[in-house]
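Dear colleague,

Please find below the structure that I am handing over to you. My notes on what was found in it follow directly after.

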Amino acid sequence: MATMDEMEEELKCPVCGSFYREPIILPCSHNICLACARNILVQTPDAESPQSSRASGSGVSDYDYLDLDKMSLYSEADSGYGSYGGFVSAPTTPCQKSPNGVRVFPPSVPQPPPQHHLLQHPGSLPPIPRNSCITCPQCHRSLILDERGLRGFAKNRVLEGVVDRYQQSKAAALKCQLCEKSPKEATVMCEQCDVFYCDSCRLRCHPPRGPLAKHRLVPPAQGRISRRASPRKISTCTEHELENLSMYCVQCKMPVCYQCLEEGKHGTHEVKALGAMWKLHKVVRDQISHCTVKLRQTTGLMEYCLEVIKENDPSGFLQISDALIRRVHMTESQWGKGTLTPRMTSDFDLTLDSGPLLQTIHQLDFVQMKVAWFTFDPVSAHPDIIFSNNNLTVTCSSYDDRVVLGSAAFSRGVHYWEMTVDRYDNHPDPTFGVARGDVLKDVMLGKDDKAWAMYVDNNRSWFMHNNSHTNRTDGGISKGATIGVLLDFTRGLLIFLINDEQQGPVAFEGLEGNYYPAISLNRNVQVTLHTGLPIPDFYTPGEADPNGSVC
């Protein structure tokens, strides 16, 4: 996650270098202060101005960008002067630099003096000259403004609010409210108690147990903001200034008002409730956490690569270089797979009829025999998993738990497979079981609701599903141990064995659908898969007895 100082740069205008004041959103999605936008407007000659290239604040598609090959504000030689190359009569305009180093241009044509016989509302901005052009100081895309001028651009109230909260948080340090003498600087604030605590007072007065364990502790700056929180500002439509924005046009990807739907171009477009779309785009919060973990992993990989490059032994370097290059390429490609694309949540009432699809899926003949052959699947596995022995043996390059699935999915019949422990160092907790295809790959198997598993150390085992631990059982594993997994769809049971003996009671019941064999392990463990095995002799068709063992 970016530090506070790094975030500060996101909150500064590229023109003035100061925190945004009344920021507006340009069609290219960049922001600029309203006053700065006026300062960099350029007036183009009437005779040469393309009349069709008028800006409109109703959507990105309405903007006609000027052809930068014909109409460039920057000289090819970067001499510090810019001109409109397509306009022979246009004077050159001196180039200035903002505090951020971004090149900006003041108006090339002086603004007409105010006409004193016209009354002007106090505090209102003077009119924008005709044929005014604005160029984004970041991406250098240019456009001609329409008759509304800068009023045609939407105000970025979210950015304005973030700047305000950030400046408030930097204003002064918050003090603990429970220190008896010389209050220390607060480190957390409890939202339920509405109290700021230092570390010592939090441990003494707000221990993380009992009812207090459910309280939400937040950073002091966030707590102060929540105290001062006021009702959200209601934004108005740029097309219809008296109407509030209440809907979201899916096709144009922008908020619209009721009048836009009645008489505007959005009348035939798909629209959704503004609040629902707001919630949808906030699921990004979960993905930010995912990206934070990924960033930490990538940073670690980079540091490791730098150390490897220092290696002076040619044979030792070449022994690992190919695998390291593959890991770097894989990491690079994963960053480009839409990590922050909002995911759909259960807040939306979808009317998809999945009945026929589910019926077709259940009729698919995945693997229904009692004896099945499969390997570990390198395609769906976490990139830290290391394969050998024709994908029958796996270990891991990370100290964190990583998941690998089998290459076959089971939906019917009775199936049994085993894994032998080839290496077991420092008492890790490998996990064995079954999982859906979309199980999380970067946490221990069973942490989410897509896996049913048993994790085991050198002394005992537990069953785990959806991060819930049950049925602690004595008896662990060591090097050479054999773990068996028995999956019976005829009764919906999952049973585990260690060294040919059932480990604990029936682990899970009521299993239906498609499941992949799955394990999670770290670099301290190596296992080999054995498939095509007959069902163990102790297991015969029958009912589970009240104690949970199989009859």
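Two strands are said to pair if DSSP finds at least two bridges between them. The model is a predicted one, and the pairings described here were computed from it.

By that definition, strand S10 (residues 188-190) and S11 pair in the antiparallel sense, over three bridges. Within this pairing, Met 189 has Phe 196 of S11 as its bridge partner. The two strands belong to an open sheet of three strands, whose order is S11-S10-S12 and whose pairing is antiparallel. Strand S11 (195-197) and strand S12 (217-218) are the edge strands, each pairing on one side only.

The loop between S10 and S11 holds Glu 191. Is this residue buried, partly exposed or exposed? Glu 191 has a relative accessible area of 31%, and it therefore counts as partly exposed, the class between 20% and 50%. Leaving out residues up to four places away in sequence, Glu 191 touches Arg 216, Val 218 and Gln 222. With Arg 216 there is a polar contact between the two side chains, at 3.0 Å. Glu 191 and His 215 are 24 residues apart in sequence, while their C-alpha atoms are 7.2 Å apart in space.

A hairpin through three residues joins S21 to S22, and Tyr 455 stands opposite Trp 462 in S22. S22 in turn is joined by five bridges to strand S23 (residues 468-474), and these two run antiparallel. Arg 460 has Asp 474 of S23 as its bridge partner.

S22 and S23 also form a hairpin, with two residues between them. Asn 466 is found in the loop between these strands and has a positive phi, near 55 degrees, although it is not glycine. Most residues other than glycine have a negative phi. Asn 466 is partly exposed, with a relative accessible area of 47%.

Asp 500 likewise has a positive phi in a residue other than glycine, near 70 degrees. Its place is in the loop between S25 and strand S26 (501-502). At 57% relative accessibility, Asp 500 counts as exposed, because the cut-off for that class is over 50%.

Which residues of the largest nonpolar core touch the most other members? Of its 38 residues, they are Trp 417, Leu 487, Leu 494 and Ile 519. Among the elements that give two or more residues to this core are strand S17 (393-396), strand S21 (451-456), strand S25 (493-498) and strand S28 (525-530). S19 gives the most, with four residues. Apart from neighbours within four places in sequence, Leu 494 is in contact with residues including Val 434, Trp 452, Val 485, Phe 508 and Leu 511. A second, separate core has 23 residues, including Leu 11, Cys 13, Val 15 and Cys 136. In soluble globular proteins, nonpolar side chains tend to be buried together.

With kind regards

Technical notes:
Residues numbered from 1 in each chain as written. Predicted model: local features only at pLDDT ≥ 70, side-chain atom pairs only at ≥ 80, totals over all residues. Heavy atoms only, no water. Core = buried A, V, L, I, M, F, W, Y, C linked by side-chain atoms within 4.5 Å. Buried < 20%, exposed > 50% of the residue type's maximum accessible area, 1.4 Å probe, protein only. Contact = heavy atoms within 4.5 Å. Polar contact = N/O pair within 3.5 Å; in protein donor to acceptor, adjacent residues only side chain to side chain.
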